[in-house]
Amino acid sequence: MQTEQIPTGAAAPLWQTQLPGRPLSGLTVLVVEDSRFSSEALRLLCLRSGARIRRADSLRAAMRHLKTYRPSVLIVDMGLPDGSGAELIHRVRGMASNAPATLAISGDPATRDEAMAAGALGFLEKPIDSLAAFQQAVLQALPPHALPRGPRLLPDDTVTPDLAALRDDLAHVAAILSGDADPASIDYVARFLTGIARSSHDLPLAEAAEALSQQQDAGRATGQDLKRLSGLVHARLAAGCA
C-alpha cells in the first residue's frame, strides 16, 4: 500500500478523524442506483472506506430521502427508471450551500459531459470496483473543511459483489423483455444492461447491449435484436451468472 499525505492544519473534530484505511469515516453516502449489483459494489466500497450508505432506486425515491435528511455525498446513476440522473444532479446542485458533494456514475462514458454540465463534481465510470479509485473520487468532491486529516493509505483492494444481486438484475431485464416492450422500455433495458454488464466485466453482453442502444437511438432496433439480447440474458441466468 502507498501513503498519501493530506495537509494537517488545525485539529480535526472527532468525526473527521479517519480510522486506519477508512478515509470516509463519519460520512453518509446516498446512492441513487437501480441496479442491485452496482449498488452492492458501492455498498462494499462505502463500508470498506468507513462511510454509512443509504440507497434509492429512482429519482422519486431519492427526493423523498433528501426531504428527510442531507447526506454528505450523493452518487447518482445517469440512467434511472423514471428519468435521467442529470435532472437530480441539477436540482441538488441548486440547493443551498449545504448541498451534498455530488458525483455521477454510469456504464456509458458518453454521459460524462451531461453529468458535469448538470453540476456533478466527479464522474465514476462502471465498473467501479477499485477501493483506491472510489475513495479518491469521493475525496476530490468534498469541500476542504470535510477532508480527513493526516496520512491516507492508498489500498490496492477491489470489491466483488454477490452474484445473487447480478441474478436479480438479469431477471429484471428478462421480465421486461418477455413482454411487449415499448421504445422507452427498450432504451431503458439497453442502458441498464450496459451498466451491469460492464460492472460484471461481461464484455460480450456489454457489446450486445451497447449495439441495441445504438440501434434504438438510430430508430433501427428490431425484434431480432431484442431476441438476441434476451437469449444472452437467459443464458447467463441458466449458467448462474458464473
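Student: Which residues does Leu237 touch, leaving out those up to four places away in sequence?

Tutor: With those left out, Leu237 touches Arg167, Leu170, Ala171 and Ala174, where contact means heavy atoms within 4.5 Å. This is a predicted model, in which local features need pLDDT of at least 70, side-chain atom pairs count only at pLDDT 80 or more, and totals for chains, interfaces and linings use all residues. Residues are numbered from 1 along each chain as its sequence is written, and side-chain values use heavy atoms, without hydrogens and water.

Student: How far apart are Leu237 and Ala174, in sequence and in space?

Tutor: In sequence, 63 residues separate Leu237 from Ala174; in space they are 9.2 Å apart, C-alpha to C-alpha.

Student: Where does Leu237 lie, and how exposed is Leu237?

Tutor: Leu237 is in helix H9. Helices (H or I, at least four residues) and strands (E, at least two) are DSSP runs, numbered from the N terminus. The relative accessible area of Leu237 is 25%, making it partly exposed; buried means under 20%, exposed over 50%, and partly exposed in between, with a 1.4 Å probe and protein chains only.

Student: At what angle do H6 and H9 pack?

Tutor: About 145°, with the axes of H6 (residues 163-177) and H9 10 Å apart. Axes are lines fitted to C-alpha atoms, for helices over the stretch in contact, and angles run from 0 to 180 degrees between N-to-C directions. On the H6 side, the contact includes Arg167, Leu170, Ala171 and Ala174, and on the H9 side Leu237 is one of the residues. By class, the contact of H6 with H9 has eight nonpolar, two polar and two charged residues. Here Ala, Val, Leu, Ile, Met, Phe, Trp, Tyr, Cys and Pro are nonpolar, Asp, Glu, Lys and Arg charged, and the others, Gly among them, polar.

Student: And H8 with H9, at what angle do they pack?

Tutor: H8 (residues 203-217) and H9 (residues 223-238) pack at about 155°, with axes 10 Å apart. H8 and H9 are therefore roughly antiparallel; that label applies over 145 degrees, with under 35 roughly parallel, 65 to 115 roughly perpendicular and the rest oblique. Among the residues in contact are Leu205, Ala208 and Leu212 of H8 and Leu229, Leu232 and Val233 of H9. The contact of H8 with H9 has nine nonpolar, one polar and three charged residues.

Student: Changing topic: in what order do the five strands of the open sheet come?

Tutor: The order is E3-E2-E4-E7-E8, with parallel pairing; two strands pair if DSSP finds at least two bridges between them. E3 (52-56) and E8 (123-125) are at the edges with a single partner strand each, so one side of each has no neighbour in the sheet. On average, neighbouring strands are turned by 20° against each other, direction ignored.

Student: How many bridges join E2 to E3?

Tutor: Five, with E2 (residues 28-32) and E3 running parallel. Val31 has Arg55 in E3 as its bridge partner, and Leu30 has Arg54.

Student: Is E2 buried or exposed?

Tutor: Five of the five residues of E2 are buried, so E2 is largely enclosed by the rest of the structure. Thr28, Leu30 and Val32 point one way, Val29 and Val31 the other.

Student: What share of the whole protein is buried?

Tutor: Buried residues are 46% of the 242. The protein has nine helices and nine strands.
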